Amino acid sequence: MAMAMAMKASLKLLGQYPILSCSKHWRGSSLRVSFRGLCTDSTEELQLKDFMEYLDSLKNYEKLGVPKGAGTDSEDGFDLSRMRTLMKLLDNPHSDFKAIHIAGTKGKGSTAAFISNILRAQGYSVGSYTSPHIHTIRERISLGKFGEPVSTKALNSLFLRMKEIINQARKLENGHISHFEVLTAMAFKLFAEENVDVAVIEAGLGGARDATNVICSTGLAVSVITTIGEEHLAALGGSLESIAVAKSGIIKHGCPVVLGGPFLPHIEKILRDKASLMSSPVASASDSGNCSKINDISLIDGRPYQSCDIVIQADRDLSLPFELLDVKLYMLGSHQLQNAVTATCTALCLRDQGWNISDESIRAGLENTCLLGRSQFLTSEEAEALGLSNAILMLDGAHTKDSAKALVDTIQRTFPGAHLALVVAMASDKDHVGFARELLSVSGGKIEAVLLTEASIAGGKSRTTSTSFLRDCWIQASNELGLATLQVEMEEPRELLKDQFYGSVSDQETKIVLVSEPSCLSSLQIANHILRGRTGNGSGIVVVTGSLHIVSSVLATLHG
């Protein structure tokens, strides 16, 4: 009873207070949270028109999908010599700054954000290169002590100065320079020109053959491997073992490596064997001696946060004892605590090398990190703008079995007993049945409806999964788990917005309503209507998930 009352109070508070939903940036000792500099507009589109058209002329594997074996260290893998050619023509800008290189199946972006904010809190000028973006491609490159996305002017100027060199590289490589390789080169060039103290670099795919892996041991401060999971299987060799081998390719001779985890024992052995081969000291964020934990979930000004204790006492490897109690993480879930511990281990490795990083900066960096599309709650005003009255709307870019499990864990910790309506869109190369099964198996009894919709992937439709295929996957997962579904088949799913719909299904309220609706906005409205009808306007959450691309679509509708 007490837990249910707490949940209702939390939901009420979420409807009353603004939820600050984008990255925090440092400005001296104060913090600022804003969408300024992120949302695209017609002026930006005009100023970057030539640049975006040029990028669109290049092969974009985010849009097209990655070829089989492309991320493996084999004959099928991407050819790093292309990137080295481009770097040489640019006078090897990646040699002008220290780098923290991050690979892993999940958690790369969050870990990069934690690390970047820790370093900025200490006063370092930090470059950050991550993907994908939510609002604008400028988000992928941020720099300086405040972590601002690169400005339109700076990005366009950089492109104009680099265009001739890029064309020269394309000619030398028979036109095979890719979209991601050009963006990576531009980020490295900008970081060098801006004299950043350190760059936090997220690998795009795998590690060994990723364009970011031109970073050499002399420029590498720390390499980080967050997790190993079954994503991009075909591109990374077809097994967990081959994925681990590919990602271990970022480990460089003599440079420390932080292992996030937890990993399966034989997977961790692969990573540790590579570290041993490269004489690289290891720091493990999931060592048995680490006792980090979530204490409770609370709210500040209506914003949920988790109070955590971060306790690191490794039984082996690098000795980096550390304790930080009552850390307030606005990045929710046990997986985000693990990402925070991984980032803390990285900061401790840097401190062990002589970097000036205080405990206070570690706390401040962790507590002042939040990201779009990671357990992000919209304000009541934002929900209203989308046509969802009295709705609690959560956005999370989960798209794998592991991230689905983490999402459910986060919801259950934050709002135990809440009824859910899911709005799902996914890319075509994901484990759709596994994703559905994970969500349904953990909380099937609390899911009232699943709205299956579509979102463009990297600006195109070639990797978009159709609603009909998603429906079949969710039906399969439901049948495997023995869960009853009510499949709504009608020419106009918006009929569900009519109150009389509930009279026809009132005797079937134990079934999960399953609806296919290509329009993302209509899906949101239908999901909310079903949820309110099922719960009698009681407590419930509409959860948008399946990819960061559907998150981007919702936010573009809201702020476009």
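Asp91 sits in the loop between α5 and β3. In this predicted model, Asp91 has a positive phi of about 70°, although the residue is not a glycine. Asp91 counts as exposed, because its relative accessibility is 62% and the cut-off for exposed is over 50%.

Asn390 belongs to the loop between α13 (380–385) and β15 (393–395). Its phi is positive too, near 55°, and Asn390 is likewise a residue other than glycine. With a relative accessible area of 67%, Asn390 is exposed.

## Cis peptide bonds

Ser131 and Pro132 are joined by a cis peptide bond, with omega about -5°. Pro132 lies in the loop between β4 (126–129) and β5 (141–143).

Another cis bond links Gly261 to Pro262; here omega is about 0°. Pro262 is in the loop between β9 (257–259) and α10 (265–277).

## Helix packing: α5 and α7

Two packed helices are described by the angle between their axes and the distance between the axes. Helix α5 (residues 80–89) packs on helix α7 (residues 152–172) at an angle of about 145°. The axes are 9 Å apart. The crossing of α5 past α7 is right-handed.

Which residues meet in this pair? From α5 come Thr85, Leu86 and Leu89. From α7 come Ile165, Ile166, Gln168, Ala169 and Leu172. By class, the contact of α5 with α7 holds six nonpolar residues, two polar and no charged.

## Nonpolar cores

In soluble globular proteins, nonpolar side chains tend to be buried together. Here the largest nonpolar core has 44 residues. Ile100, Leu119, Ile310, Ile357, Ile362 and Leu366 have the most contacts inside this core.

Where does Leu119 make its contacts, leaving aside neighbours within four places in sequence? Leu119 touches Ile100, Tyr124, Val126, Val198, Val200, Leu350 and Ile357.

How values were computed. Residues are numbered from 1 along each chain as its sequence is written. This is a predicted model: local features need pLDDT of at least 70, side-chain atom pairs count only at pLDDT 80 or more; totals for chains, interfaces and linings use all residues. Side-chain values use heavy atoms; hydrogens and water are left out. A nonpolar core is a set of buried Ala, Val, Leu, Ile, Met, Phe, Trp, Tyr and Cys residues joined through side-chain atoms within 4.5 Å. Buried means under 20% relative accessible area, exposed over 50%, partly exposed in between (1.4 Å probe, protein chains only). Contact means heavy atoms within 4.5 Å. Axes are lines fitted to C-alpha atoms, for helices over the stretch in contact, and angles run from 0 to 180 degrees between N-to-C directions. Helices (H or I, at least four residues) and strands (E, at least two) are DSSP runs, numbered from the N terminus. A crossing is left-handed if the near helix is turned anticlockwise from the far one by less than a right angle, and right-handed if clockwise. Ala, Val, Leu, Ile, Met, Phe, Trp, Tyr, Cys and Pro count as nonpolar, Asp, Glu, Lys and Arg as charged, and the others, Gly among them, as polar.
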